[in-house]
Amino acid sequence: ATANNMSGAATARAGVGDGAAVRGLDDGNGEALQIGGSATNGLRFEAVSNLDAQAITVEDQAEAYAGSETADGSGVATLESDVAALHTSAVKVGGSAGTISATTTSNLTATAQTNGTDNGNQDAIAQVAQEADGLVNSAVTVGYDGNVNATSTLNGTAIASNIGQTETDVDDAIARLTLDANGIEQDRASDDIRVGADGNVSGRSFLDGGATAEAINGAATTTADLDSAGIRLDDADADISIGQAGNITGLSVLGKLTDGTFTDQIDLIATTVAETATVTSRFNGDGVRGTDADDTAGNQTVLQAGGSAGNITGQALGGGRLVATSTGDASLQGRDPDATATATLETSELAGLRDVDLFGGQAGANTIKGSSYGDFDTYATSTKGDAIGSADVDAYGIYDANGDGRLRTSGNVQAIATLTNTVIATTVSGNAEASASSDAVGISGYDVEILGGGSLIANATSSSSASSTSVSGRA
């Protein structure tokens, strides 16, 4: 969707509204597919979405919305549209299933640009929001051998730019980004995934993108709410089990993964010459996220890998670069600009395996491994105003919030958490404040039982730093 204008407002909308959806298979809670025998060549479900909204004008308001046009009271974009390859559709295969694959790919872009030269407040607003799932609310039952692979790839970019007036009105640039990606998401008790004999279950989520707000004579504001899970089980009775031999794997990435290595953070930027620059964001990533109904042992989601041979692996990797920059132009006529730069990473968490009972292979050498890796940088820079930077982020390998998790396997347990959290606030004329809060935990909240021989490795590494600098103010 493209809207171009010279003297009037420009508004572009692409895929907005609660009814905006792309589905590979959607049976509306029915038993969509039943095969009495075997699925000889497997089953494949796909959903692909591309949304692009561009709004460009010279004088007035420019608004571009991709996937959503609503926001909550805090200015965070709300979810409206969704994309799913396999949605509310039970799949039953009586024999072997080969590989059941559910793959979702979605790309969203919103660009809003204006010179804001007309009278009154003329803002540039770019907003991107969407949920993307490979498999969601769909029970899968395989009578004999079979694999279940679900992948979601979600990329969103929001860019807002505004030159604005130099008089009494404030012409702002606002960029909003809300993304929710899950390989497998089950919200209901009846939606189990069960493989009767041999096979693997895998959920992967890849979330990437960025948001930028650029202003000259107004405020620049960027907000982001990012959530990714390889496997997300939102009901305590939504379980995954493999009867004989097979593995369960969940992978979550917020940023870019190259050849198995985390290589690029998600950039969230707000920059202005005059007025405030503000970046506010939240990151959550889980390899496998279950649901703990209460603090009673046994009353939460269960992962049961193959009893004769089965590994369970959950991995979450994520990172963000938050940059808020304001110069503060004292020559503006008719108003005294506030040149505060504020960059805030609100409470965020990464976990490999969380709030699930874990039962790996009960014989031989098996591995249950939960790992997380986080890399976050938060920068607030101002020339003539205050600079305020803060970040609160935690990383867990294997974690149960209520402390009633159960883990049992024959073989090895590995729980690894690695976190870097850096906050820098710098100003020339104002005050500077920087704070960084971080916890890294290898394993917490589990009773661990290793059958026969094996090993337990728990490792947590955290590097957290905060630095504030001011030439003529307080730091």
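Begin by selecting Val128, Leu177, Leu226, Leu268 and Phe283: within the largest nonpolar core, which holds 55 residues, these touch the most other members. The model on display is a predicted one. Next, colour strand β11, residues 173–186, which supplies the largest share of this core with 5 residues. In soluble globular proteins, nonpolar side chains tend to be buried together.

Return to Leu268 and display its surroundings. Leaving aside residues up to four places away in sequence, Leu268 touches Leu177, Gly210, Ala211, Thr222, Ala224, Val279, Ser281, Phe283, Arg321, Leu322 and Val323.

Now move to Asp357, a residue of strand β24, which spans residues 357–359. Is Asp357 buried or exposed? With a relative accessibility of 0%, Asp357 counts as buried. Show its side chain together with that of Gln300: a polar contact of 2.6 Å joins the two.

Finally, zoom out to the whole chain. Its secondary structure amounts to 31 strands and 0 helices. The radius of gyration, 24 Å, is close to the 23 Å that the globule rule gives for 475 residues, so the chain is as compact as a globular protein of that length. Along the principal axes, the C-alpha atoms fill a box of roughly 75 × 45 × 40 Å. Buried residues account for 54% of the 475 in the chain. Of the contacts between residues at least 6 apart in sequence, 85% join residues at least 24 apart.

Technical notes
Residues numbered from 1 in each chain as written. Predicted model: local features only at pLDDT ≥ 70, side-chain atom pairs only at ≥ 80, totals over all residues. Heavy atoms only, no water. Core = buried A, V, L, I, M, F, W, Y, C linked by side-chain atoms within 4.5 Å. Buried < 20%, exposed > 50% of the residue type's maximum accessible area, 1.4 Å probe, protein only. Helix = DSSP H or I, 4+ residues; strand = E, 2+ residues; numbered from the N terminus. Contact = heavy atoms within 4.5 Å. Polar contact = N/O pair within 3.5 Å; in protein donor to acceptor, adjacent residues only side chain to side chain. Rg over C-alpha atoms; globule rule 2.2 N^0.38 Å.
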